[in-house]
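Subject: Structure handover

Hello,

Here is the structure I said I would pass on.

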Amino acid sequence: MELPEAHMKIFITGATGVLGKRLVKGLSGPGHTVTCMTRSARGEETVRSVGGVPSRAALFDKDALLKDIEGSDVVIHAATSIPVKKRLKPEDFRLNDRIRREGTEIVTDCALEAGARKLIFQDVVWVSRPEDGSFYDEGSPVVPLPAVQSGIDGEKIVLGAGEKHGMVATVLRCGFFYGSDTAPTRQKGTGLKKRTFPIIGDGEALWSLIHIDDAASAFVTAALEDLPGIWHVVDDMPVRTGDFLNYFAGRIGAPPPYRFPVWLARFLAGGSSVGFFTASNNTSGAQLKSASGWSPKYPTYREGIPQVVRDWKAEGFI
């Protein structure tokens, strides 16, 4: 484990998102200079509010991006554009795919030209999820499905640059984010209260979750320590979908969710969305925990969901 440098310059894409804001706060707090790509005046205000230095640049404008990355010790590429529609189509992911491919190439080139020592890339654990639902880890082969191919391509770009140029290249594959301010969690909460978010099928599929605060702390750890390679960022216990949704409903005072057969859910929500929610993601963050100073503050959903509910009650969301 490497000790943190006294002072670093860190550049972050995706700094105004729910994950990014936490990264800025976590890295600027110890006194590092955190420069953040923004696209609007509102984004600049957001960055300043959490201790960052805003940089008005577009991800696909290499010249502008390079000026702001110049002199950075660490570059974190956390920009995404994940659609939140209930019924998803392949074209809904076009911008996200462009960010993961073209955007990653540009960020990587800029990091190399700027002399950055470390590049960190955000991806998802299900890029290597086996079709049979069995356990998998960082050494499992990727499964090149259309929905995750751009992430796989982004990983290759970053890891390839690390291997070729000696940069510390880190890929953090995250599990299902949840948190009081994440759109999917709020959708689940609202849906459970209205009984419009059902358990699909038998509810036995496993989800590997990660509280958004713990995901952010993993990125902070990777920025401060040298962690080359691929790491899974999930909590300590995969949970069955039925158990999770029943527990969540109980914590917010909602009735138990309905159960929908898979065929009916596919008719109502589309095959891709249903396939995503009924596939098992059975993995572990043990390798990251053993190799670094990171461990989740919320080791399971039973600690994390109550924190979400407390936040929601404080803001009047539920």
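This is a predicted model: local features need pLDDT of at least 70, side-chain atom pairs count only at pLDDT 80 or more; totals for chains, interfaces and linings use all residues.

Helix packing

The helices in question are α6, residues 183-194, and α8, residues 241-251. Their axes are 10 Å apart and meet at an angle of about 70°. Angles of 65 to 115 degrees count as roughly perpendicular, and α6 and α8 are therefore described that way. On the α6 side, the contact is made by Thr-185, Lys-188, Gly-189 and Leu-192. Helix α8 contributes Phe-244, Leu-245, Phe-248 and Ala-249. Sorted by class, the contact has five nonpolar residues, two polar ones and one charged one.

Salt bridges

How many salt bridges does a search of the whole structure find? The count is 13.

Lys-62 belongs to helix α3 (residues 62-69) and Glu-113 to helix α4 (residues 94-113), so the pair ties together parts of the chain that are 51 residues apart in sequence. Lys-62 has a relative accessible area of 28% and is partly exposed. Glu-113 also counts as partly exposed, at 45% relative accessibility.

Arg-240 and Glu-204: these side chains form a salt bridge with an N to O distance of 2.8 Å. Arg-240 is in strand β12 (residues 239-240), while Glu-204 sits in the loop between β8 (199-200) and β9 (206-207). This pair links distant parts of the chain, 36 residues apart. The relative accessibility of Arg-240 is 38%, which counts as partly exposed. Glu-204 is partly exposed as well, with a relative accessible area of 44%.

Asp-236 and Lys-289: here the salt bridge has an N to O distance of 3.1 Å. Asp-236 counts as partly exposed at 41% relative accessibility, and Lys-289 counts as partly exposed at 32%.

Regards

Definitions and conventions. Residues are numbered from 1 along each chain as its sequence is written. Side-chain values use heavy atoms; hydrogens and water are left out. Axes are lines fitted to C-alpha atoms, for helices over the stretch in contact, and angles run from 0 to 180 degrees between N-to-C directions. Helices (H or I, at least four residues) and strands (E, at least two) are DSSP runs, numbered from the N terminus. Angles under 35 degrees count as roughly parallel, over 145 as roughly antiparallel, 65 to 115 as roughly perpendicular and the rest as oblique. Contact means heavy atoms within 4.5 Å. Ala, Val, Leu, Ile, Met, Phe, Trp, Tyr, Cys and Pro count as nonpolar, Asp, Glu, Lys and Arg as charged, and the others, Gly among them, as polar. A salt bridge is a side-chain nitrogen of Lys or Arg within 4 Å of a carboxyl oxygen of Asp or Glu. Buried means under 20% relative accessible area, exposed over 50%, partly exposed in between (1.4 Å probe, protein chains only).
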